[in-house]
Amino acid sequence: MNSLSTSSTVSSSSPSSTSTTSWFSGIVRGRQDRSSSFKMSGSSSSGSGLAANYEGPIKGKNQFRGVLFKYGPKPIQVAFKTGDYNQQVIFIGGLTDGFLATEYLEPLAIALDNEKWSLVQLLMSSSYSGYGTSSLQQDAMEIDQLISYLINKENSDGVVLLGHSTGSQDIVHYMRTNAACSRAVRAAILQAPVSDREYKATLPETAAMIDLSSTMIKEGRGSELMPKEADPSSPITAYRYNSLCAYMGDDDMFSSDLSDDQLRMRLGHMANTPCQVIFSMNDEYVPEYVDKKALVDRLCKAMGGAEKVEIEYGNHSLSNRVHEAVQAIIAFVKREGPKGWDDPWS
């Protein structure tokens with residue numbers, strides 16, 4: 001099992017060099033004096049400098065240094081933050097993911113720390129085996145609670161959302177909600193935005209299970225569980241199975257057989273946010289019949305001209321192309337992250 005190595009000590013906070021309060025302070029209530037909060041050992045709250053005893057965000061393989069904290073009322077609503085800066089990249093994993101979901105997170109934490117950014121990994125109701133009884137709507141609400149926490153407790157100047165796999169759907173759905181805290185999202189990165197529906201369609205049991213889920217939903221039983229053969233990995237409701245597997249279900253955002261108009265309808269609002277799409281050209285969850293180059297071009301166009309990054313020979317999680325993944329993410333964050341932070345409400 002992967003482990004988290006946490007280190008917390010009390011230290012005094014200094015206000016940001018650009019502002020003594022977050023630009024959210026006018027609308028978000030309950031901000032506390034950050035000087036009394038627990039901080040990562042040796043780290044400055046403003047990111048302006050690090051103490052001599054700061055050893056970085058990584059202790060060893062699968063061992064991160066940072067702060068583990070609760071951001072919402074549910075027991076599962078826990079997040080882990082490396083670094084102690086006023087700007088954060090929030091990693092949102094895919095189905096079955098939790099902490100330490102991809103191999104590129106370790107070098108990414110180091111690279112972000114060098115640029116005075118924190119990496120935040122969160123657990124949601126849908127994490128691990130919880131995805132089958134959750135929804136994009138639930139994920140969006142919990143992502144909003146995390147961003148609200150970072151604004152209120154960490155004096156955040158804004159965040160970049162990094163979604164892996166189904167985490168990309170979470171980002172697209174969250175940005176559509178226009179929740180107040182979504183204004184804090186300075187940019188978004190979709191890594192491996194692939195179609196759950198098209199992958200599931202390659203499995204023999206899927207067609208019958210889609211029919212069953214549709215029948216259950218029509219009978220008002222959408223919240224009831226499907227038979228185990230629908231998804232051996234997790235208990236799954238009729239609604240979530242249909243959302244993931246049915247044509248134009250709520251989760252169906254990146255399928256190659258959607259028309260340009262349908263893609264625009266699902267993704268067009270992302271044109272309001274700087275976006276990067278990182279597509280693995282050897283993604284094992286994309287059926288062989290799909291023209292990957294054409295698909296990623298269509299996705300980026302539907303999002304209003306998102307930046308396209310094609311990782312040759314990369315697999316779904318980019319475990320075989322870690323360096324390229326980190327390089328692309330850091331370049332985008334450095335370029336797009338700082339834009340518009342002075343007063344996004346103007």
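Leaving aside its neighbours within four places in sequence, which residues is Asn282 in contact with? The legends below begin with that view. This is a predicted model, in which local features need pLDDT of at least 70, side-chain atom pairs count only at pLDDT 80 or more, and totals for chains, interfaces and linings use all residues. Residues are numbered from 1 along each chain as its sequence is written, and side-chain values use heavy atoms, with hydrogens and water left out.

**View 1. Asn282 and its contacts.** Asn282 sits in the loop between β11 and α8 (292-302); helices (H or I, at least four residues) and strands (E, at least two) are DSSP runs, numbered from the N terminus. Beyond the neighbours within four places in sequence, Asn282 is in contact with Lys292, Tyr313, Gly314 and Asn315, where contact means heavy atoms within 4.5 Å. Asn282 and Tyr313 are 31 residues apart in sequence, yet their C-alpha atoms are 4.9 Å apart in space.

**View 2. Helix α9 and the elements around it.** Helix α9 (residues 322-336) has 15 residues and reaches 21 Å from first C-alpha to last, close to the 21 Å expected (1.5 Å times one less than the number of residues). Its buried residues are Ala325, Val326, Ala328, Ile329, Ile330, Phe332, Val333 and Glu336. An α-helix has 3.6 residues a turn, so residues three or four places apart point the same way. The buried residues of α9 pack against β7 (88-92), α1 (105-114), β9 (159-164), β10 (185-191), β11 (275-280) and β12 (307-311).

View 3. Helix α2 (residues 136-154) is mostly covered, with 14 of its 19 residues buried, and Asn155, which follows it, has a positive phi near 55°. The largest nonpolar core holds 49 residues, and Phe69, Ile90, Leu146, Ile147, Leu161, Tyr174 and Leu267 have the most contacts inside it (a core is a set of buried Ala, Val, Leu, Ile, Met, Phe, Trp, Tyr and Cys residues joined through side-chain atoms within 4.5 Å). To this core α2 gives the most, eight residues. A second, separate core of 32 residues includes Val309, Val326, Ile330 and Val333.

**View 4. The largest pocket.** The volume of the largest pocket is about 510 Å³. A pocket is an open set of points on a 1 Å grid over the protein atoms alone, with protein on both sides within 12 Å along at least five of seven lines, and lining residues have an atom within 4 Å of a point. Of the 25 residues lining the largest pocket, Leu95, Thr96, Asp196, Tyr199 and Tyr285 are the closest to its centre. Helix α4 (residues 196-200) gives the most to this lining, with three residues.

**View 5. The largest cavity.** Here, a cavity is a set of grid points where a 1.4 Å probe fits but cannot get out. There are three cavities of 30 Å³ or more, and the largest has about 150 Å³ of space. Among its 17 lining residues, Gly93, Gly94, Met124, Ser126 and Asp170 are the closest to its centre. The elements giving two or more residues to this lining are β7, β8 (118-122) and α3 (166-177).

Technical notes. Buried < 20%, exposed > 50% of the residue type's maximum accessible area, 1.4 Å probe, protein only. Points joined across faces, edges and corners; volume = space filled by probe spheres on them.
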